[in-house]
Amino acid sequence: MSVQRALLLQKRVLGAAYCQFFRNNCFYAKKPYTLKPFSLSQQSVLLPGKERIRSSVLLEDPKQLVSEIPGSPEVQTIYDCLRHGHKVSNDGPCIGSKNPATGQYEWLNFSEVMSRTQAIGSGLIQLGLKPQNDSFIGIFAVNQEEFLLTLYASSAYSMVVVPLYLTLGLQSVLYVINQASLSVVIANSEENALKVLRNVKDVPSLKSLVMVEPITPQIEKLAKEGNINILQFSKLEELGRNSLHDLVLPKADDLFCIPYTSGTTGVPKGVMLTHRSMIACVASLVIGYGEAGMFGGTIMSYLPPAHIYEIVSEVASIYFARRIAFYTGDVKKLMDEVRILKPDILPLVPRIMNALYTRVKESVEDSALKSFLMRTALSRKEKLLKRGKVTNQSIWDKLVLKKFQEALGGNVHMITTTSAPISPEVMKFFRYGSGAYVFETYGQTETLASSMTLPLEYDGGNTGGPVPCNFIKLEDVPEMGYFSKDDFGEVCMKGPSVFKGYFKNEKATQESLIDGWQHSGDIGRWLPNGTLKIVDRKKHLFKLSQGEYIAPEKVEATYSQSKLVAQIFVDGYSDQNYVVALVLPEPSTLKGWLRSKGYKETEDINQLLPQKEVRKSFLMELRKIGKEKDLNNLEQAKNLAFLSEPLSVENDLMSPTFKVRRAQARKHFGSIFDTLYKEGPIV
């Protein structure tokens, strides 16, 4: 196909806002991927058959999933992505960190990264690991260049990375080391090294500990006592450089990494992901980004490195020849670093997006003029986006939205988000206000990306259609009243991106992976435009005394739409006939609400909140929203207590991916629930 024909097809498919994607990237123009014309009014294809399977609207043949990157059939493994990035960038900058002395980012070129990965991989072989697919390496580190270098060093020698969450919890970390029989663990800090060394008798497989930070006398002492070989990361690299081994590259179906699910209940499960899984996911991103896709540019890397969202982001960025900038490690200063870096691509999570949205909203709510201008600006930008124009150069961008866009760095071209639901209101604000392409993705560690919104999506409240590397179907959940014939049910995914199974856990594999379909535990709904909306959660059901099931996350999502709620936990006992709610109120709106109810500012909030009338009045606000959103009477909470501290990773009430650990929370708040049920309904 000619370049001109490819451009015409791209314009036909994506509308007047198409960019210079094919024109600027000649290797794509040589063999472009043919996209089937589509409309935002129909974003998935319903295949024939009783299972009501849906596939990507971007596929030429909706029954034929992609497993290779269009235009790059030679890219079969993660290491191939590195070679590809090296070629496309002409050995340009690859990864960088900020120099604390100068405040500027310093970069390693692709060739330097390739050289260092070979040295690090060779060093691991010198430590006794074999260059084969049953050699596992543990990485107990924050998001930094040593993590990515080890990721690619392992790939260069067919080894497998086992990331360890910093906040996974000590017992879970020890469990993973034992289950994976890790002989080598790379730790970034003294704190993490000590966690392992103080429990070295519980991890008999461990032989070597590699330190990124300096080795302290205490670490040296404990390592000697535990007969553990301890060495600096730089020494590991030097060891390998002095004895370089030829690369032993993996095959497409070899294991790439085994990230462990954080586990909202029970012990973590190791998810076996192959190189083919990752490449199929990257292929879907290449196709799905469409006009927003770009080679080069800079991406900010700050998410937990053991999170699959971050791993996919790093692998895809290497393929796209982007510069990956690692943040300094202080999340409180993240947005300051974003303003310095001015990234082109910015991965976000709902928590950050919600905070930025709230900040903008609060900055205008006290001024009728500012509020009017903001509403008008967003309305005008919405109309532009609906016409297929993504821009940050309109008069409304310059007069009203510039400050918000500068908070995102002032140069952002693409924003991605996943990991948790985000409200339609916030999503629309970012789509209209950022002047960037905003993609929302849904998936799991077990499936990588499963659905993704299209480049010119202007709505919120959905996660798009299936990505080109997997099918999605909804299965009946009769106990919850969900049936696939009504376009409701448990979300199940199948395709080359789906994992092989749980490591050394056949029972869990058989329960989750049935006939090649991964059962997510999430309840989805197909919207009329063919997009997927996550509406519920299957696994966290509890039953009331009437015999009716309650899905607490559905209730929590509904009540969280109140600006008075910062966090909420809904639960109930099976011997009771109603649910109760625990709420952490939003400080910025609580005082104003109390004033509106006649309470004086001089009154002590800590004494006010436990009062029954205050709790009742607050609960009525939530129940009003619940009624508007069609919660039934049994789903509506009938008693409420206020929390004095947030649910967090630190107090073990949230997972490292910021999902509530419901079993721990139920136990932790047991005495409060007992008190609420003893008191009885207050509404």
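**Figure 1. Lysine 342, a partly exposed residue in a loop.** The relative accessibility of lysine 342 is 44%, which makes this residue partly exposed; buried means under 20% relative accessible area, exposed over 50%, and partly exposed in between, with a 1.4 Å probe and protein chains only. The model shown is predicted: local features need a pLDDT of at least 70 and side-chain atom pairs a pLDDT of 80 or more, while totals for chains, interfaces and linings use all residues. Residues are numbered from 1 along each chain as its sequence is written, and side-chain values use heavy atoms, without hydrogens and water. Lysine 342 sits in the loop between α13 (334–341) and β14 (345–348). Here helices (H or I, at least four residues) and strands (E, at least two) are DSSP runs numbered from the N terminus. The phi angle of lysine 342 is near 55°, a positive value in a residue that is not glycine.

**Figure 2. Serine 181, a residue with positive phi in a loop.** Phi is near 50° at serine 181, again in a residue other than glycine. The loop that holds serine 181 runs between α7 (170–179) and β7 (184–187). With 42% relative accessibility, serine 181 is partly exposed.

Figure 3. Glutamate 191 is exposed, at 53% relative accessible area, whereas lysine 195 is partly exposed, at 27%.

**Figure 4. A buried salt bridge between glutamate 556 and arginine 662.** The N to O distance in this pair is 2.6 Å. Glutamate 556 belongs to helix α19 (residues 552–559) and arginine 662 to helix α23 (residues 662–668), so the pair ties together parts that are 106 residues apart in sequence. Both residues are buried.

**Figure 5. The salt bridge of aspartate 652 and arginine 661.** In this pair the closest N and O atoms are 3.4 Å apart. Aspartate 652 has a relative accessible area of 36% and is partly exposed, while arginine 661 is buried, with a value of 4%.

**Figure 6. A network of salt bridges.** Arg116, Glu145, Glu237 and Arg241 are linked to one another in this network. Across the whole structure, the search finds 22 salt bridges.

**Figure 7. The whole protein, as the setting of the close-up views.** The protein contains 24 helices and 28 strands. Its C-alpha atoms fill a box of roughly 75 × 70 × 60 Å along the principal axes. Of the 683 residues, 58% are buried. Among contacts between residues at least 6 apart in sequence, 67% join residues at least 24 apart, a contact being heavy atoms within 4.5 Å.

Key
Salt bridge = Lys/Arg side-chain N within 4 Å of Asp/Glu carboxyl O.
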